[in-house]
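Open the model in your viewer and keep the sequence panel beside it. The stops below are given in the order in which to select them.

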Amino acid sequence: MKNKIYLCLLTFFSLCIGVIFISGCSPSESAVQTAIAETDAAKPTDTPSPTSPPPTNTPSPTPLPPITSTPDLVGSNLLTRYGWTISRHISSHTVTLPKSFQHYPGDFPYAIYWAYNNEFNKDIGLDLVPYLGQTVQVSLYLLKEPLPEEFYPNLKAYAIVIEFENKIIGAWIVRGYGFACSLERRNFDEIVKQEWSDWLVSAGVVDLSNELDRELSTKTPEEIIEMYYTAMNEGDYQLYNALRSRRALTTDLFRNKEDQALFNHQEDKGITWWIDSIESVTLLNIRELSSGYRNKYAVGLNFQFVDVRLSPISTGGDRTFSVSLIEEIEGLGWRIDGEGTAP
């Protein structure tokens with residue numbers, strides 16, 4: 001009997017000690033909630049604000065230098081604020097902005113690209129100027145919403161978002177192959193309220209005192225045409241580009257551009273193939289067709305190609321090209337604005 005009482009008491013005290021031990025080692029309810037809160041706080045949010053740094057634990061989807069933000073989230077809130085929705089992330093890029101927006105004659109039009117798009121940027125209160133010369137991260141997105149009807153039939157819209165040190169410094173809308181509008185859906189003319197030629201000067205893109213531009217301003221349209229095909233024959237890209245209008249040169253940014261690219265580069269084959277395919281080009285004659293703001297000429301040329309199979313005009317030999325020139329900027333003379341294979 002005594003042994004049974006002793007066993008009961010021993011069991012009772014063992015249970016008490018176990019309860020005390022378990023209670024002492026278990027976290028309180030408030031401690032659990034605190035831990036959950038801290039864990040949740042450490043998780044990346046689905047919709048970070050455009051000014052706060054997105055999470056850094058998601059790797060970049062492309063083999064580019066490390067990007068400190070999750071590509072499919074950068075700028076999503078900003079885009080949503082203006083009625084745009086990301087459909088999918090296209091690409092990420094590490095880009096060094098030009099040191100200024102000034103475009104030197106003969107240079108590839110990178111400066112024009114950034115200066116033009118910065119007008120869209122300023123339309124929503126942002127500005128790239130304080131960040132010129134800096135290396136930035138750029139995200140390209142396909143959007144669900146179409147472009148404004150003025151861009152019909154090319155209504156597929158893309159967004160570009162620029163980030164510097166986890167801060168969004170730029171955003172605008174582009175087409176697949178060209179400029180488009182601001183996030184406010186306003187086009188270039190609505191924003192700058194200037195003619196293209198006036199904007200080039202007022203925005204500091206063109207320096208009216210540039211020595212090469214001033215020298216070319218003394219040439220007649222016929223002399224510009226002769227210099228143009230001489231530069232083509234010699235593979236002189238710098239002079240070849242300098243003899244073209246800035247408006248015509250800007251089309252090189254997007255011609256045959258790859259979908260994931262922001263713009264073309266001077267060395268891209270899609271840009272160089274035309275001159276690279278030419279063994280020689282000889283100017284035969286020039287005949288004026290019309291004059292005015294735009295002068296148009298029939299230009300006789302003889303082409304010889306490195307490989308006829310690569311020729312953009314099917315065969316070599318004598319050809320007649322239609323060449324247009326404009327006085328794009330007052331005081332800087334004539335520049336090639338277009339050419340075709342028929343007068």
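Select R185 first. In this predicted model, R185 is partly exposed, with a relative accessible area of 30%; partly exposed is the class between buried (under 20% relative accessible area) and exposed (over 50%), computed with a 1.4 Å probe on protein chains only. The residue sits in the loop between β5 (178-181) and α5 (188-192). Check its backbone: phi of R185 is near 70°, a positive value in a residue other than glycine. Helices (H or I, at least four residues) and strands (E, at least two) are DSSP runs, numbered from the N terminus.

Residues are numbered from 1 along each chain as its sequence is written. Local features need pLDDT of at least 70 and side-chain atom pairs count only at pLDDT 80 or more, while totals for chains, interfaces and linings use all residues; side-chain values use heavy atoms, with hydrogens and water left out.

Next, select R186 and D123. They form a salt bridge, and their closest N and O atoms are 3.0 Å apart. The term salt bridge stands for a side-chain nitrogen of Lys or Arg within 4 Å of a carboxyl oxygen of Asp or Glu. Side chains of opposite charge can pair when their charged atoms come close. R186 is in the loop between β5 and α5, and D123 is in the loop between α4 (110-122) and β2, so the pair ties together parts that are 63 residues apart in sequence. R186 is partly exposed, at a relative accessible area of 28%.

Move on to R246 and D213. Here the closest N and O atoms of the salt bridge are 3.2 Å apart. R246 belongs to helix α10 and D213 to helix α7 (residues 211-216); the pair links distant parts of the chain, 33 residues apart. Are R246 and D213 buried or exposed? Both are buried.

Then select R247 and D337. Their side chains meet in a salt bridge at 3.0 Å, N to O. R247 lies in helix α10 and D337 in strand β9 (residues 335-340), so this pair ties together parts that are 90 residues apart in sequence. R247 counts as partly exposed, at 37% relative accessibility, whereas D337 counts as buried, at 14%. A search of the whole structure finds eight salt bridges.

Two backbone stops remain. Select N256, in the loop between α10 (246-250) and α11 (269-276). Its phi is positive, about 60°, although N256 is not a glycine. N256 is exposed, with a relative accessible area of 56%. Then select Y152 and P153, which are joined by a cis peptide bond with omega of about 10°. P153 is placed in the loop between β2 (135-143) and β3 (158-164).

Finally, select the whole protein chain. Its secondary structure comes to 11 helices and nine strands. Of the 343 residues, 44% are buried. The chain exposes about 18,300 Å², and carbon and sulfur atoms supply 54% of that area; the areas come from the Shrake-Rupley method with a 1.4 Å probe, and for residues only the protein chains shown count as cover. Where contacts (heavy atoms within 4.5 Å) join residues at least 6 apart in sequence, 63% of them join residues at least 24 apart.
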